[in-house]
Every structure is written in structure tokens, then in C-alpha cells.
Amino acid sequence: MKKVAVAVSAAMLAGASLAVNPILTHKYSADPNAFVWKDRLYVMCSHDLDGQKGFDMKDYVLLSTDDLVNWTDHGDVFVGGKDVKWCWNLYAPGVAQRNGKIYLYYPNSGGPIGVAVADRPEGPYTDPLGKHLIGREMPGCDSAWVFDPAAFVDDDGKGYLYFGGNGDTMARAVKLNDDMVSAQFPGIMMKASKDGKEATGMPSFFEASFMHKHNGKYYFSYSANFPDRGASIDYAIGDSPLGPFEWKGAMLPNFNDNSWNNNHHSVVVFRGKNYILYHSRLLTNRQGHGNVYERSVCIDELKYNDDGTIVQVVPTHEGPKQLKPLNPYKANLSVTICQDENVKVTMADVKGKNRSVVTVGGEGAWIRYAGFAFDKVPASVEVFCRAKGEATVEICKGAVDGPVVAAIPLKDTNGAFAKAAAKATNILKETCDLYFVFKGAAEGVEFAAYQFRK
């Protein structure tokens with residue numbers, strides 16, 4: 001991501017020192033589809049390119065967390081034209097899991113929709129059909145836009161795929177077969193009654209279908225259109241995955257940080273609490289770009305009223321509370337990040353494995369890791385890096401210019417990843433955030449992992 005002025009970063013941190021929204025700050029992300037896999041929260045996202053002037057997305061970015069504050073960037077796990085040959089412009093993804101596998105549903109721009117399969121969220125993904133699964137030519141699938149797939153697997157194991165866009169009568173659903181890569185036709189038009197009037201379609205439906213279940217009820221949510229609803233995220237409640245539904249209004253009204261533009265969301269239960277993920281223009285606005293095509297994923301808690309209706313979400317900069325502290329005494333991946341500036345995540349060969357690492361943009365770049373729990377005073381800290389010249393990793397407590405915990409010198413590592421270490425100071429038995437600040441000839445340093453020693 002393009003470097004942000006230091007003054008902007010300082011203001012950002014001063015204004016929201018504990019902010020975790022957006023959840024990714026070194027690249028733009030959108031259209032989050034959240035799911036839980038092996039007690040870890042994953043989010044499959046569209047990837048907005050720096051400076052893009054339209055929705056020109058070529059890959060999906062995968063994020064994950066176990067504390068809701070520090071997020072692992074697994075890199076671009078699905079690439080149009082590479083992992084799938086017939087699709088090159090990847091709009092919003094949908095994800096389902098069944099029989100120990102991950103099913104990724106993807107549109108080629110405004111349609112059609114394909115499916116890919118993997119054994120784990122990180123991939124690799126294969127295209128079992130070699131062509132699309134859902135197209136406008138299929139019975140009952142004649143939506144103006146055959147895109148924004150949202151997969152849902154009910155408690156009885158039956159699967160459904162929701163999609164469509166651009167009109168009240170354009171929301172569609174199909175039943176998925178047990179193999180999750182074939183469907184039953186014709187497709188079904190999604191409908192909801194409103195204000196006691198008979199259902200003729202989904203009120204003010206525009207795009208971004210999603211389905212979730214709560215206390216035995218089914219919640220179909222979507223982005224409403226601009227003229228009627230200002231692109232709010234609306235929802236309807238029903239007694240079955242296909243309805244009938246009753247429209248309830250906005251669960252997430254549009255908001256200033258989103259520049260009053262489009263939105264896309266998902267709902268997930270993680271460790272007993274409900275969360276909504278959505279995108280906004282918060283990051284591009286903070287950076288002074290104001291580019292509506294540079295979106296960023298955010299997360300907030302979702303709550304219900306006693307009657308099952310949803311309490312309207314008020315987007316926050318703070319996001320949810322951290323669920324668990326970081327353990328400084330284990331080997332931590334550099335790419336599990338709370339916030340950062342002037343770094344990017346790239347793929348590198350680390351001890352014979354292709355994995356994501358942080359690549360430093362230059363002098364002054366930094367990474368914030370939030371909520372370390374030091375149960376004992378550390379003696380030293382080491383980093384695992386590949387460097388081409390002399391640089392320093394300065395670890396500061398609580399802020400970019402906070403007390404220096406360690407200053408780790410880096411030297412040319414001759415093309416290999418190598419450990420570098422330094423004595424740790426200014427750390428007591430405490431919980432704190434740490435900032436890794438890169439100084440000197442830091443441009444191009446590849447940073448893979450770090451660990452404190454007792």
C-alpha cells in the first residue's frame with residue numbers, strides 16, 4: 001500500500017489509539033464473507049487495488065484471527081485467470097463448509113457464478129467444473145446481475161446459494177445438491193412482505209445477499225438500493241431458508257465513514273457472540289485519498305432484541321474487544337497484525353515453504369501488535385528476517401515513539417532468512433501493545449516472525 005504521511009498516522013493513532021477498524025491497513029479489502037474453521041475466524045474478501053478507478057478485482061484475500069484484534073493476512077489465496085481459467089474479475093465471494101471441505105463461490109464480475117473446492121481455507125483451490133455453476137440462462141436464474149453469491153448450510157445439512165442484483169424481483173436462490181458443486185433448478189425468487197402488503201419481491205433489493213440463522217429463525221439480509229434506502233443493509237425474517245419472509249428494515253444504515261456508498265456484509269457467531277463484518281471507506285478517507293473504490297473491511301458486535309429483531313448497528317472505529325492476549329514467548333507470525341504503515345504482505349520461500357511475510361517499504365515503516373501478556377520480564381527478543389543491507393528493528397512500547405524495548409540490528413543475510421536478536425528492556429510483568437519500527441536501509445526487508453525469550 002502507498003505510504004501514508006507520518007502526520008496522518010500520528011493523528012489516527014491519537015484519535016483512536018485502540019482502534020481495530022478497519023481490520024486490515026496495508027491493503028484494501030471489501031465484501032467480507034466470514035466463517036469459523038477449527039475455532040478460528042476466517043474472512044474471505046475481495047481485493048481493491050491501490051488507486052483503482054473502478055471495481056477491478058483480480059483475487060481474493062484471506063484473513064483470520066483468534067482474538068478479533070490481530071489479523072493474519074494469508075495473502076491472495078484465489079486468483080482469477082490462474083486458479084480458475086474462465087474467470088478474471090472476481091467480485092464478492094461466498095464461502096461454505098461441508099464434509100470437511102471449503103467451497104468458494106465466485107462471480108466473474110456481474111456473472112456468471114462458479115465454485116472452487118479446497119481442503120482448508122488457505123487453499124489450494126481447484127475448479128471441479130471448469131465452467132460456471134449458475135448462469136442467467138439457467139431456469140429461474142434470470143436476475144439482472146448473477147453475482148454476489150452467499151452460501152448457507154442449514155442445521156439439517158442442506159445447502160443453499162443466494163445471489164442476484166438490481167431490482168426488487170432480482171434476488172434469487174437455488175438449492176445446492178449434497179456435493180455442493182451442483183444445484184437444483186429452477187431458481188427461486190426471494191420475497192418479503194412489507195407493512196402488511198403481499199410480497200412481490202424483496203423490498204428495495206439491490207445486491208449483497210446473505211443468509212444466517214438465529215434462534216430457529218432465518219435472516220435474509222442484503223444491500224438496499226440508493227434511491228429508496230440509501231444503500232443501507234436491510235433484512236427480513238422467515239421460518240425457512242426460502243421464505244416467506246417479513247421485511248424488518250435496516251440492520252446497518254449507511255454512514256459517513258463509508259462515504260454513503262455501497263456496502264457488503266456477513267454475519268457470524270464466534271465464541272458465543274454475534275458479529276457483523278462490512279466494508280467502509282474509512283482507511284482511504286484517513287489517508288486523504290477519498291477514493292470510493294478503495295474499501296476496507298470492518299467488524300462490530302451484532303445484537304438482537306428480545307423479539308428477534310436486530311439492534312441497528314452503529315459502526316465504530318474501536319471494533320470488538322480483544323478476546324485473548326498475544327503470547328510473546330511463542331514464535332509469532334509477522335503477518336498477524338493489528339495496524340501498520342508502509343508495509344505490504346508478500347509471498348516468500350521460508351525454510352522451503354511458500355508463506356506470507358511482511359515486506360518493509362522503507363525508513364519509518366511500522367507494525368502494531370496489540371495486547372501482549374508478559375507473565376515474566378523478558379530477557380531478549382529475536383526476529384527472523386531477510387535483509388540486503390544494514391537496518392534496525394526498533395521495538396517500542398505503547399506507541400511508535402514510545403519507550404524502546406529493543407533495537408535489533410539487521411545485516412545483509414545473503415539472500416536467506418536469518419535470526420537477529422537483542423536484549424529486551426523497559427518491559428515488566430504487564431500487558432501492552434508493541435510497535436516494530438524499521439529504521440535505516442529498511443526498504444525491502446522481509447520479516448517472517450519474532451519471539452521473546454525469558
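**Pockets, cores and ring pairs**

The lining of the second largest pocket comprises, by class, 14 nonpolar, five polar and three charged residues, where Ala, Val, Leu, Ile, Met, Phe, Trp, Tyr, Cys and Pro count as nonpolar, Asp, Glu, Lys and Arg as charged, and the others, Gly among them, as polar. The model is predicted, so local features need pLDDT of at least 70 and side-chain atom pairs count only at pLDDT 80 or more, whereas totals for chains, interfaces and linings use all residues. Residues are numbered from 1 along each chain as its sequence is written, and side-chain values use heavy atoms, with hydrogens and water left out.

**Second largest pocket**
- About 500 Å³ of space lies in this pocket; a pocket is an open set of points on a 1 Å grid over the protein atoms alone where a 1.4 Å probe fits, with protein on both sides within 12 Å along at least five of seven lines, and lining residues have an atom within 4 Å of a point.
- Of its 22 lining residues, A151, F152, V153, M211 and V267 lie nearest the centre.
- Strand 13 gives the most to this lining, with five residues; strands (E, at least two residues) are DSSP runs numbered from the N terminus.

**Largest pocket**
- The largest pocket holds about 580 Å³ of space, a volume being the space filled by probe spheres set on grid points that are joined across faces, edges and corners.
- Among the 19 residues lining the largest pocket, H74, R120, E122, M347 and N354 are the closest to its centre.
- Its lining has seven nonpolar, five polar and seven charged residues, and the largest share, five residues, comes from strand 4.

**Nonpolar cores**
- In the largest nonpolar core, which has 37 residues, L434, F436 and F447 touch the most other members; a core is a set of buried Ala, Val, Leu, Ile, Met, Phe, Trp, Tyr and Cys residues joined through side-chain atoms within 4.5 Å, and buried means under 20% relative accessible area (1.4 Å probe, protein chains only).
- A second, separate core of 35 residues includes A173, M211, F255 and Y304.

**Aromatic pairs**
- The structure holds 32 aromatic pairs, that is, rings of Phe, Tyr and Trp (its six-membered ring) whose centres lie within 6.5 Å, with planes under 30 degrees apart counted as stacked, over 60 as edge-to-face and the rest as tilted.
- Y91 and F147 form a tilted pair, 6.3 Å centre to centre with 50 degrees between the planes.
- Y91 lies in the loop between strand 4 and strand 5 and F147 in the loop between strand 7 and strand 8, so this pair ties together parts 56 residues apart in sequence.

Note on methods: Helices (H or I, at least four residues) and strands (E, at least two) are DSSP runs, numbered from the N terminus. Buried means under 20% relative accessible area, exposed over 50%, partly exposed in between (1.4 Å probe, protein chains only).
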